[in-house]
Amino acid sequence: METYTSNNLDDLNSIAKKITDNFKYKIICLNGELGSGKTTLVKNILTNFEVLNQVSSPTYSIVNEYTNKNDEKIYHFDFYRIHSIEEAFDIGFEEYLEANCYCFIEWPNLILDFLPLYSYHEISITKNEFNRIISFK
C-alpha cells in the first residue's frame, strides 16, 4: 500500500500522477467522507489520461462517460445515491465493468461483494483540518 499526504489541492496533481503510474487494473474504488476530495482526485487522474470532456461529479447522473484523446472511454460512477446492488445492475453496471475501460467508482460499498470477480485498486482519502491522507492499493 502506498500512502501520500496532500497539504493543499495543488498537491493532488502530483499524487494523481504517482497513482496513475502504478495502475495495474482498470477498476478503481474510491472511499472517503463527503468532501474528502474523491472527485477532485479523479479529475486530476483523468487529466493525466488526457480526457477531452469536462470532468464533474456524477452524484445525480450516477455515471459519467468521458473520452480521451485516443478515443478511449472512461467511466466515473458515484454510488452515494444507490440503495441496493440491484440499482447498480439496473443501470448496466456489470456491462461497464466488462467493457475493459477504466471505471472509477466513488462510494463502492454496495457493490464490493460483486467486485471479487474483478481485479481492482482501492483509494482511500482521509481528511483532517491540516491535510489529506491518500492510501492506494
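Select N44 in helix α2, which covers residues 38-48. Helices (H or I, at least four residues) and strands (E, at least two) are DSSP runs, numbered from the N terminus. Residues are numbered from 1 along each chain as its sequence is written. This is a predicted model: local features need pLDDT of at least 70, side-chain atom pairs count only at pLDDT 80 or more, and totals for chains, interfaces and linings use all residues, while side-chain values use heavy atoms, without hydrogens and water.

Is N44 buried or exposed? N44 is buried, at 14% relative accessible area. Buried means under 20%, exposed over 50%, and partly exposed in between (1.4 Å probe, protein chains only).

Next, select L12, N13 and A16. N44 is in contact with these three, leaving aside neighbours within four places in sequence. Contact means heavy atoms within 4.5 Å.

Now show helix α1, residues 11-21. Helix α1 lies across β1, β6 (121-127) and β7 (132-136). It runs at about 165° to β1. Axes are lines fitted to C-alpha atoms, for helices over the stretch in contact, and angles run from 0 to 180 degrees between N-to-C directions.

Go back to α2. It lies across β2 (27-32), β3, β4, β5, β6 and β7. Its angle to β5 is about 165°.

Colour the strands next. Seven of them form an open sheet with mixed pairing, in the order β1-β7-β6-β2-β5-β4-β3. Two strands pair if DSSP finds at least two bridges between them. The edge strands, β1 (2-6) and β3 (63-67), each pair on one side only. The twist averages 15° from one strand to the next.

Finish at β4 (residues 73-78) and β5 (residues 102-106). They pair in the parallel sense over five bridges. Select I74: Y102 in β5 stands opposite.
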